[in-house]
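Biologist: I am new to this structure and would like to learn how to read it. Please take me through it one feature at a time.

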Amino acid sequence: MSTPDVTPDLPPPAWRAILRLLGRLPQGALSRGFGRVSDILLPTWLRRPVIGTFARAMGIDVAEAELPIVAYPTLNHFFVRRLRPGARTWPAEPDVAASPVDGVLGQCGVLDRGRLVQAKGRWYDAAALLDDAGEASRYRDGVFVTLYLSPRHYHRIHTPTRGVVAKARHIPGALLPVNRAAVLHVPNLFPRNERIVAYVDGPLGRIAVVAVGAYNVGRISVAFDEAWNAPPGEGGWVTNRPGARPHTRRYDPPVPVEVGQEIMAFHLGSTVVLLFEPGVGSLVEGVRPGREVRVMSLIHISEPTRHRALAD
């Protein structure tokens, strides 16, 4: 796949101005401030009007939530709500990968000499995204999938396959928006933003699950290593800490994970980028930018010959 020499589409002038302004503001501090607001304890009588109004404004399907609205004590708890039992069906095949999140597919396809497409005319390096040239070399000619989560989506991140987590890395960075306007306008957007990379070793080799933070979404918690979250527990998170430095955690023995097991959570919406090693198959037909997907929708298959069988 060659790199096209084209000029990227630009968002409207208003969005360009907003993005320039956000680039100059203290994004981490502003996001932490918004996080404090979302953590304000709501009295029971106020939860239905506040959370219900927010859910309607965002188009959230509250019928899929694990609990009724009045059971969520804060907006943050509602943001990271779990799904009710039976809301999703997990794929039974051990050697396929499914979507780890609810979201909208962004760019996807084959890496070009270690580079991923961000938008038309905009490319970025896997080495910059992972902050690790050695790990990035695994995916030089592999497959990538980008998934965008809006505020209306379910915000927990699951494993695309069964396997083990042997290593994870936290990379501090900016907290720029990751909506369509920002993707079109801001060069190297995903490598610039703060992120957590969890490596899942399983039937499809090593899959890099990259959770990218964004403006007001700087908080990402980790389920496979609760000790990494601070403050600990359900409300804890790894990202958006003042003075944080890049940090890798290695697990010996590796942490086992089942297909569909929760591994991280966004405290609002953002983006997940998946990287697959070359030679483990291709994307399932219909996986294309703009398509809405739900947790555990089939997106990748290990054997290209099985691609046709599943489509029949």
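Modeller: We will go through confidence, strands and salt bridges in turn.

Biologist: How far can I trust the coordinates, and where is confidence lowest and highest in the protein chain?

Modeller: This is a predicted model. Where pLDDT is low, the predicted coordinates should not be read in detail. The protein chain averages a pLDDT of 84, and 82% of the residues score at least 70. Helix α9 (residues 304–311) has the lowest confidence, at a mean of 44, while helix α5 (residues 126–130) has the highest, at 98.

Biologist: Over which residues does pLDDT stay under 50?

Modeller: One such stretch is residues 1–8, for which the model has 17 contacts beyond four places in sequence. Another is residues 307–312, with nine contacts of that kind.

Biologist: Next, the sheets. How do I read the strands β1, β16 and β14?

Modeller: Strands of a sheet pair through backbone hydrogen bonds, either parallel or antiparallel. Here three strands make an open sheet with the order β1-β16-β14, and the pairing is antiparallel. The edges are β1 (96–98) and β14 (282–283); each has a single partner strand, so one side of each is left without a neighbour in the sheet. Between β14 and β16 (residues 298–301) there are two bridges. Leucine 283 has histidine 300 in β16 as its bridge partner.

Biologist: Which strands are joined to β8 by bridges?

Modeller: Strand β7 (residues 163–171) runs antiparallel to β8 and is joined to it by seven bridges. In that pairing, isoleucine 171 faces arginine 195 of β8. Strand β9 (residues 205–212) is also antiparallel to β8, with eight bridges. There, alanine 198 is opposite valine 209 in β9. Two residues lie between β8 and β9, and these strands form a hairpin.

Biologist: Now the charged side chains. How many salt bridges are there?

Modeller: The count comes to 16 salt bridges. One of them joins the side chains of arginine 82 and glutamate 262, at 3.3 Å from N to O. Arginine 82 is in the loop between α4 (75–79) and β1, and glutamate 262 is in strand β12 (residues 262–266), so the pair ties together parts 180 residues apart in sequence.

Biologist: Where do arginine 206 and glutamate 135 lie?

Modeller: Their side chains meet in a salt bridge of 2.7 Å, N to O. Arginine 206 belongs to strand β9 and glutamate 135 to helix α6 (residues 133–136), so parts 71 residues apart in sequence are tied together. Arginine 206 counts as buried at 11% relative accessibility, and glutamate 135 is buried at 7%.

Biologist: What about glutamate 277 and arginine 138?

Modeller: They form a salt bridge, with the closest N and O atoms 3.3 Å apart. Glutamate 277 sits in the loop between β13 (271–276) and β14, and arginine 138 in the loop between α6 and β5 (143–148); the two are 139 residues apart. Glutamate 277 counts as buried at 17%, and arginine 138 as partly exposed at 33%.

Biologist: Which residues do salt bridges with shared partners join into one network?

Modeller: The network consists of Asp132, Glu135, Arg138, Lys167, Asp201, Arg206 and Glu277.

Technical notes: Residues numbered from 1 in each chain as written. Predicted model: local features only at pLDDT ≥ 70, side-chain atom pairs only at ≥ 80, totals over all residues. Heavy atoms only, no water. Pairing = 2+ DSSP bridges. Helix = DSSP H or I, 4+ residues; strand = E, 2+ residues; numbered from the N terminus. pLDDT = per-residue confidence, 0-100. Contact = heavy atoms within 4.5 Å. Salt bridge = Lys/Arg side-chain N within 4 Å of Asp/Glu carboxyl O. Buried < 20%, exposed > 50% of the residue type's maximum accessible area, 1.4 Å probe, protein only.
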